[in-house]
Amino acid sequence: MIPTHQSGPPGNGAPARRVELLTRPDCHLCTDARAVVELVCGDLGMPWRELSTAERADLLDQFAEEIPVLFIDGVQRDFWKIDERRLRSLLTP
């Protein structure tokens, strides 16, 4: 099962963005990236979901050297280290 996270206040009426974080089990970079995505999406009241390579071997084959990988609206935006300031700017108009 792929976890979907929702936290923070409800959205402000802006179009919903699809935020996905590709992670791998036992990955310290993934733990750090998850914390940043949780914080920013929580502050913005934006849902996000985590995709695990344990459940999606096809994604592991495709992104093995870049994990964790951040996708926004299906487009790869960052990998390895997710920067809080950059993520906020990507998600706010």
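Arg17 counts as partly exposed in this predicted model, at 27% relative accessibility, and its partner in a salt bridge is Asp73, with the closest N and O atoms 2.7 Å apart. That pair links distant parts of the chain, since Arg17 lies in the loop between β1 (4-5) and β2 (19-23) while Asp73 lies in the loop between β4 (69-72) and β5, 56 residues apart. Asp73 is likewise partly exposed, at 35% relative accessibility.

| Salt bridge | Closest N and O atoms |
|---|---|
| Asp73 and Arg17 | 2.7 Å |
| Arg34 and Glu50 | 2.8 Å |
| Arg86 and Asp78 | 2.8 Å |

The salt bridge of Arg34 with Glu50 also links distant parts of the chain, with Arg34 in helix α1 (residues 28-44) and Glu50 in strand β3 (residues 48-52), 16 residues apart. Glu50 has a relative accessible area of 9% and is therefore buried, the cut-off being under 20%, whereas Arg34 is partly exposed, with a relative accessible area of 24%.

In the salt bridge between Arg86 and Asp78, Asp78 counts as buried at 13% relative accessibility, and Arg86 counts as partly exposed at 33%. Elsewhere, salt bridges that share partners join Arg18, Glu20 and Arg49 into one network.

Methods:
Residues are numbered from 1 along each chain as its sequence is written. This is a predicted model: local features need pLDDT of at least 70, side-chain atom pairs count only at pLDDT 80 or more; totals for chains, interfaces and linings use all residues. Side-chain values use heavy atoms; hydrogens and water are left out. A salt bridge is a side-chain nitrogen of Lys or Arg within 4 Å of a carboxyl oxygen of Asp or Glu. Helices (H or I, at least four residues) and strands (E, at least two) are DSSP runs, numbered from the N terminus. Buried means under 20% relative accessible area, exposed over 50%, partly exposed in between (1.4 Å probe, protein chains only).
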